[in-house]
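Open the model in your viewer and keep the selection panel at hand.

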Amino acid sequence: MFFLIIKRILLGLITLIIVSLITFAGTEVLPGDACTTYLEREAYGAALEACYERLGLNIPAHERYLSWAYNVVQGDFGYSLSGQMPINEVLGPRVKNSMVLASAAIIIGIPIALILGIVTALWRDKLPDITISTVTIFAMTIPEFISATLLILVVAIWLEWLPGIVIVPTDVTITELLPNIILPVIAIAMIMTAHMARMVRSSVIQVMASDYVQMAILKGVPYWKMVFKHVLPNALLPAINVVALTIAWLLGGVVVTEVVFNYPGLGRLVIESISNRDLPTVQALAIILASIYVSINLIADLLTLMLNPRLKTLQIRK
Amino acid sequence: MEEIIQKVKNLSVGFKSQKGHEISILKNITTNIKKGETVGIVGESGSGKSTLALAMMGYVKQGLFTMDGECIFNSSDLLKMENRELEKIRGRKIAMIPQNAGQSLTPNLKIGYQIDEALKLHTKLNKSERDNKTSELLNKVRLPSPETIALRYPHELSGGQQQRVAVGMALAGNPDLLLLDEPTTGLDVTTQAHVLELLNFIAKDTGTSMVYVSHDLGAIAQVSDRIIVMYSGEIVLEGPARDILKQPVHPYTYGLLKSIPKLSLAGLPDSMPGSQPQPGMIQKGCSFYDRCNFAEDKCKKNSPNLEYVSELKTSVRCFNYKKLIEKKNDKNTKIKRNEKNIKINEILNLTDVSISYAKQKFLDQILNKITDTNPTVKDINININKGETLALVGESGSGKSTILKSIAGLLRTKEGKIKFDKDKILSNDLKKRNSSNLRAIQLIFQNPDESLNPNHTVEEILAQPLKLYFGLSGEELKKNIIELLEKVRLGKFYMTRYPRQLSGGEKQRVAVARAFAAKPDIILCDEVTSALDVSVQAAVLNLLQKLKEDFGTTYIFVSHDLAVVRAISDRVAVLYQGRLCEIGPSKNVYQFPSHPYTEVLLGAVLEPDPDIKPKLVAEDVVEERPPEKGCCFQGRCPRILGDKCKNETPPWQIGDNGNAIRCHISVEELKKNQI
């Protein structure tokens, strides 16, 4: 078990190194570099040389990568080009804001998804199932930028209940942020919840049809006790990985939604820095998003391993 | 007057077809279960026997509904009861022992919890009393060290242990009636015999009534006082066990008993033609009409009623049962097998073959180093002559299928050589085998449902080997396919069908035809009949025998069913833990089993005869790995000598009857002390 965790963590680190190499190589191969972008028409002669000197671009690529990686490991992403300020300072509040948005969506979405999935499975083909399933399919199929726009139209413009876009400074406090995130959270949570609810539903249905559930019924176990003791633990286990994937997907969803709502998070920063050709920031963002992906999946795998007695003993035996 | 515990009255259960017709799968069942009695319900798959057993608990599977009738327990109808009331009866008054205990125990809950749950629901004991009771129950079902078993998860137990846990759990509520749904199917022969013996003991010890559902007449014969035979959702015969087994007066039961291969009798059993009608197919007349040898015109038009024959104390659903009474003295003398001499003409030779499932470590793989000193299969030396049927027998985990796979090239051997046709060495890498060697060896799998591609028609399935090995096409291809179908006794019209449109027996025939399409020299049969019903099994065995005679094919036949092996094989190799124990002509192996393991194995076989009891000589412990040194059977051997068996690998010795065995005790000695 211990070795397995170490192995998974090592694999995760290797993934991150590969990601950093690819992003670094990508920015290297692209025509033009940070200086030509920054200096635009003045990118020639002494100014360009000076810029190269300042940013250290005159050093060979592999050495630059190594020194960059060395700094990143110590938590220093260097300087952004556009703002001329340390990337860490740019990123800090953005990461926080995005986390607030994502966690709110997760905290609201997962319990709702579980409840909806279980209800639809237990009342399979009855009215609750038919209504909820229809709604979830709709929620799943509408892309978030459309549902977000529709939400703005209905809630913000027609009803005027909530602000349509977020106009706050980047380093806003959480309490100030809260009323602003309601609409973005709904937009993100909708698709995620629908996906998870369908997954939970099919998993519960599958377990309900298993021999051991029939056995529990024939043993005289009361219905709800059977559901909680015999069905749910076995049905939700495979759901953990799907939840992890959904959360990871959420990061992508956040990018689009943040732009629609003008939300000062990571997503908008991604778009901004790409359009500004702010390569150091793009690199930093790629690494950060990749590490979130990797760690969420790692956590999910370890959770499944810990909760599933079958896998646990298998590993010990080996 | 004996007390009646459960009364099933005019019970019909069915489902609604897509067109809205109501189709019954249980038709008008009436029977009583008496106190302290064990009733065996026997029938082939689809006969409705499990549905009947579940209805006796007031449980009807999803998609089915009760059309008519009642199941009365304690003067109330279980089928009309509310769930809350049923919860008080299920597990407490009536308990179920399921078919597949491995899948019927909840995987995330410990054994102790699952038994404790039943105790909590159905007794008034407090926590510490329940803990004691749990140990007591596990002890009663003869599980070693109950305290540790209670802390394990279901997957950490062997199949036999899981089944015992299920029995223990069913006994927790001290029920008046135990329903057993194929409780020993899927267990090894020795384990099966032990579980049955335990059930018999429990029936006597607790006085519980039992309903034992099985397709296996051998198991039914060992436990039942009374037998109910079901066919196509109806009771066709009901009466005292001994009479039914010794003198079956219904044509179906008569045929069924004849189609079971028997240990004491070499040769192939008679097969019954046809298969059970699908639910809803028979509108009028006797449902067995199509397959019956005694049928008359009236059987086609009128349905016979279940009639009580007082002189036999038996109820029978047949117009012509008297004809069968007359047939009484007609002992089954017909033995089809001609014991022809097989010429020594070696076609396949395995020399020192060993196979390992252990994954090589990365570094060892690069250095091509062999690390596993104790491989799953080791030291296999077998030669097979042309036209011979060699059977590999043994319990699960004995390596019989593993050997088959490595002959087919699906699994790499670790050491040793496989030689084909005297001088051609078969590579252990499938990709390096040439086309003619691949064609020469074909495989038939256990489960035709999984071995036939569901999206291909029978024509496409059979065309593949013909195209691949002989490059046939067009008219010629079609002609060959029709010929093949005729060989396996399927008509031309089967060509356009998909596997799902065929019955189990028909599917296996297609699989047989596919193997023969390659015109192979050797066919490897991996448990080819174990997924089939008894009557169908006999037909497939007969077909295989016929084809072998026509084509001179060689079979290597893997089976856990010793009676089937007896019926079809010329020579038998007995395997334990991937090591050969005994090999010899099947006649001799069955008559004078020399190796202690062969003796144990044969002793545990259940015969459909209440007078032949299995002999239980060794424990049914499951060993996970073969022992590092010494004899492979040392862990369970009833004749173990001590250190010699533990440290030295026994030598081969050849008895005067031609059996070669691997044992430290001399053949003469073993023969003298037969159990």
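Start by selecting the two domains of chain B: the centres of domain 1 of chain B and domain 2 of chain B, taken over C-alpha atoms, are 35 Å apart. For the selection, domain 1 is 4–93 + 175–250 and domain 2 is 346–672; domain bounds come from an automatic or database domain assignment. This is a predicted model, in which local features need pLDDT of at least 70 and side-chain atom pairs count only at pLDDT 80 or more, while totals for chains, interfaces and linings use all residues. Residues are numbered from 1 along each chain as its sequence is written, and chains are lettered from A and ligands numbered from 1 in the order in which they are written.

Next, show the residues in contact (C-beta atoms, placed from the backbone, within 7 Å). Domain 1 of chain B puts 19 residues into this contact and domain 2 of chain B puts in 20 residues. On the domain 1 side, select α8 (189–206), α9 (217–223) and α10 (241–246) of chain B, each of which supplies at least two residues. Helices here are DSSP runs of H or I with at least four residues, strands are runs of E with at least two, and both are numbered from the N terminus. α8(B) gives the most to that side, with seven residues.

Colour the domain 1 side by class: seven residues are nonpolar, eight polar and four charged. Ala, Val, Leu, Ile, Met, Phe, Trp, Tyr, Cys and Pro count as nonpolar, Asp, Glu, Lys and Arg as charged, and the others, Gly among them, as polar.

**Between the chains**

Now bring up chain A. The contact between the chains involves 24 residues from chain B and 18 residues from chain A. On chain B, select α2 (83–89), α3 (101–104) and α4 (111–122), which each supply at least two residues to the side that touches chain A. The largest share of that side, four residues, belongs to α4(B). Its classes are nine nonpolar, nine polar and six charged residues.

**Chain B as a whole**

Residues 24 or more positions apart make up 68% of the chain B contacts with a separation of 6 or more.

Finally, colour by pLDDT, the predictor's confidence in each residue, from 0 to 100. Chain B has a mean of 87, and 95% of its residues reach 70 or more. The model scores ipTM 0.79 and pTM 0.82.

Terms used. Contact = placed C-beta atoms within 7 Å.
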